[in-house]
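Welcome! Take a moment to look over the sequence and the structure below, and then read on for a short tour.

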Amino acid sequence: MRTLSLLVAIAFAAPAMAFIADEPKLDDVKCPVSGAPVKAEQKAEYKGASVYFCCGKCPGAFKADTAKFAEKANAQLVATGQAEQTACPLSGRPADETKTAEVAGATVAVCCGNCLAKVEGAEDAEKLTLLFSPAAFEKGFKVKEKE
């Protein structure tokens, strides 16, 4: 009887554990609108993934002017693992995993020392633009398909 109970518990727990594993890690993730820590229940659909916010007001501000917050939202998709890197976001060439920069909580690889120097020499806001502008995001990243 105990074996049967255990098997039934495992059968119900396995799908729940798979769902939990698919949730992005939100530790140290910042709201693209306010810069405050995010809450899992405050989110909006963006590029087939979820962007997380700190409060109930920020999703509305994001939806009202998505372009204004696109770089930070794109960075958040990478930082939370919802988007994967496919190429150097500056050049579109294959990325070299030994040449990386940490920007907005995301680790991004570039193709060469020249691109890395360009990123490292930029101010924080310019780094976001270089790596996560809509054009750079299209060159270098792909949102993972939900299972």
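What volume does the second largest pocket have? In this predicted model, the second largest pocket has a volume of about 250 Å³. Its lining is made up of 15 residues, and those closest to the centre of the pocket are K30, K72, A75, A104 and G105. Helix α3, which covers residues 66-79, gives the largest share of the lining, with four residues. Sorted by class, the lining of this pocket holds seven nonpolar, three polar and five charged residues.

**The overall layout**

Now step back to the protein as a whole. The protein has 147 residues, and 37% of them count as buried. There are six helices and six strands. Starting at the N terminus, the order of the elements is α-β-β-α-α-β-β-β-α-α-α-β. Of the contacts with a separation of 6 or more, 52% are between residues 24 or more positions apart.

**Two helices side by side**

Two packed helices are described by the angle between their axes and the distance between the axes. Helix α4 (residues 113-120) packs with helix α5 (residues 124-132) at an angle of about 145°, and their axes are 9 Å apart. On the α4 side, the contact is made by K118, V119 and E120, while α5 brings in K127, L130 and L131. By class, this contact of α4 with α5 has three nonpolar and three charged residues, and no polar ones.

Helix α5 is also where D124 is found. Is D124 buried or exposed? D124 counts as exposed, because its relative accessibility is 61% and exposed means over 50%. D124 and V103 are 21 residues apart along the chain, and their C-alpha atoms are separated by 7.7 Å.

Moving on to helix α6 (residues 134-140), you will find P134 there. P134 and N74 are 60 residues apart in sequence, yet 7.8 Å apart in space, C-alpha to C-alpha. Leaving aside residues up to four places away in sequence, P134 touches A70 and N74.

**A charged pair**

Side chains of opposite charge can pair when their charged atoms come close. How many salt bridges does the structure hold? The structure holds one salt bridge. In it, K99 pairs with D96, and the closest N and O atoms are 3.6 Å apart. K99 is partly exposed, with a relative accessible area of 24%, and D96 counts as partly exposed at 24% relative accessibility.

**Positive phi values**

Most residues other than glycine have a negative phi, and most peptide bonds are trans. Two residues to look at here are D28, with a positive phi near 65°, and A104, with a positive phi of about 55°. D28 sits in the loop between α1 (2-22) and β1 (39-46). A104, one of the residues closest to the centre of the second largest pocket, is found in the loop between β4 (96-103) and β5 (106-110).

| Residue | Relative accessibility | Class |
|---|---|---|
| D28 | 71% | exposed |
| D124 | 61% | exposed |
| A104 | 48% | partly exposed |
| P134 | 48% | partly exposed |

Technical notes: Residues are numbered from 1 along each chain as its sequence is written. This is a predicted model: local features need pLDDT of at least 70, side-chain atom pairs count only at pLDDT 80 or more; totals for chains, interfaces and linings use all residues. Side-chain values use heavy atoms; hydrogens and water are left out. Axes are lines fitted to C-alpha atoms, for helices over the stretch in contact, and angles run from 0 to 180 degrees between N-to-C directions. Helices (H or I, at least four residues) and strands (E, at least two) are DSSP runs, numbered from the N terminus. Contact means heavy atoms within 4.5 Å. Ala, Val, Leu, Ile, Met, Phe, Trp, Tyr, Cys and Pro count as nonpolar, Asp, Glu, Lys and Arg as charged, and the others, Gly among them, as polar. On a 1 Å grid over the protein atoms alone, a cavity is a set of points where a 1.4 Å probe fits but cannot get out, and a pocket is an open set with protein on both sides within 12 Å along at least five of seven lines; lining residues have an atom within 4 Å of a point. Grid points are joined across faces, edges and corners, and a volume is the space filled by probe spheres set on the points. A salt bridge is a side-chain nitrogen of Lys or Arg within 4 Å of a carboxyl oxygen of Asp or Glu. Buried means under 20% relative accessible area, exposed over 50%, partly exposed in between (1.4 Å probe, protein chains only).
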